[in-house]
Amino acid sequence: MQGERHLEPQKCSVPLAVEVVSLLRQFGSVVALSGVSLEIRKGEFFSLLGPSGCGKTTLLRVIAGLDLPDGGLIRISGRDAAEIPAHRRPVNTVFQSYALFPHLTVSDNIAFGLRMKKIAAAEIVDRVQRVLALMQITELATRKPAQLSGGQKQRVALARALVNEPEVLLLDEPLGALDLQLRRQLQVELHQLQRKLGITFIMVTHDQEEALVMSDRIAVMNGGKIEQLGSAREIYERPRTRFVAQFIGQCNLFKADVRPANNGDILARTELGEFSVSNVSKDPTRPGSFMAIRPEKIQLLGGATCGMKNSFAARIEGFTYCGAETRYRLLAGQQTVNVVVMNREASAVFQPGETVQCLLPAEHLILLDA
Ligand code: ATP
């Protein structure tokens, strides 16, 4: 897998902010990180995505120097992190809990780290004012954390990290405590902020939409390992494992016997018939034993359309109207199939009990390992 290769820094032309090589971390019998390797480029918005307990926070903490690995190594801007104590690493962390000092004002919270570093008073004032303006919280400068909303606390926590001008900003579920609307707004703001500052952001999240919306690249983690590393589009459109296919969005899976076809495509034989699969990047002599397709890639066709290539008949079991789209649940043989259709008409096109054809375009079919 891409994220688990041994990566040498000189092979990559883009300057690297953080390199993680064969990282191990174990807590008693729990293996939190099991040989994780990845490269994070300078100026990149990188997300660690995965379910609870997969090791994302542990990886972030080890990069920050808040925890020590049991094996492997980390380089930050090319330097072995083992030689840099946590407080000297060019990284800052924003925690989900914000971790603001309750007795200090917003300004003093932001200035705290600079005072600890014995920066000159005039420079502290200047830097605090700049970061207050950047985060659009100048009017909150004299308030205490208890007098702030969740979104405002989040901005202060970010300001407190950014005032140190880190090379790398580590964000641990930074928007996790906020309601959905505010989270969506701050996702956009945080993304724009990262672009403006050019700082490398490494964000931990279990929210797949958040990762897809904000990140240049995503590492999907599972059980202390990286299952797949790639852009949002690659991860969604071309998942490599069943775990990734099912963790990121919805996916229909069909058990399949797979063999090469004469035209260069792959043929997948399933209980619902044989399907032609194009765009197969993996070695067809090691075919996967599942065929997969996203619900919105399936086309539903009414009327006398049976016998079409790459299609099967299915009965509409039910549907949910979701405003912009309708989600249909269908049954084909023993298999439940989920299909999402954009609502171009005001009413649902198909009704429960109706038999329709499901067309699975060859270019949208994916082969996955068992
Ligand atoms: P979440 O999204 O719930 O925060 P996570 O992916 O960030 O999960 P980690 O916090 O990295 O997961 O934990 C990975 C595994 O290591 C879990 O099984 C967890 O219980 C275990 N773990 C983490 N820290 C410790 C610790 N200090 N002592 C013992 N076990 C730990």
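In this structure, a polar side-chain atom of K56 lies 2.8 Å from an oxygen atom of the ligand; a polar contact is a pair of N or O atoms within 3.5 Å, and within protein one must be able to donate a hydrogen and the other to accept it, with residues adjacent in sequence counted only if both atoms are side-chain atoms. The model is predicted, so that local features need pLDDT of at least 70 and side-chain atom pairs count only at pLDDT 80 or more, while totals for chains, interfaces and linings use all residues. Residues are numbered from 1 along each chain as its sequence is written, and side-chain values use heavy atoms, with hydrogens and water left out.

A backbone N or O atom of G53 also lies 2.8 Å from a ligand oxygen atom. For T57, an N or O atom in the side chain is 2.6 Å from an oxygen atom of the ligand. Of the 630 Å² of accessible area that the ligand has on its own, the protein covers 57% (Shrake-Rupley method, 1.4 Å probe; for residues, only the protein chains shown count as cover).

Two elements, β2 (30–41) and α1 (56–64), each give two or more residues to the shell around the ligand. The largest share, 3 residues, comes from α1. Helices (H or I, at least four residues) and strands (E, at least two) are DSSP runs numbered from the N terminus.

The chain as a whole comprises 8 helices and 21 strands, and its C-alpha trace spans about 80 × 50 × 40 Å along the principal axes. Of its 370 residues, 48% are buried, meaning under 20% relative accessible area with a 1.4 Å probe and protein chains only.

Technical notes. Buried < 20%, exposed > 50% of the residue type's maximum accessible area, 1.4 Å probe, protein only.
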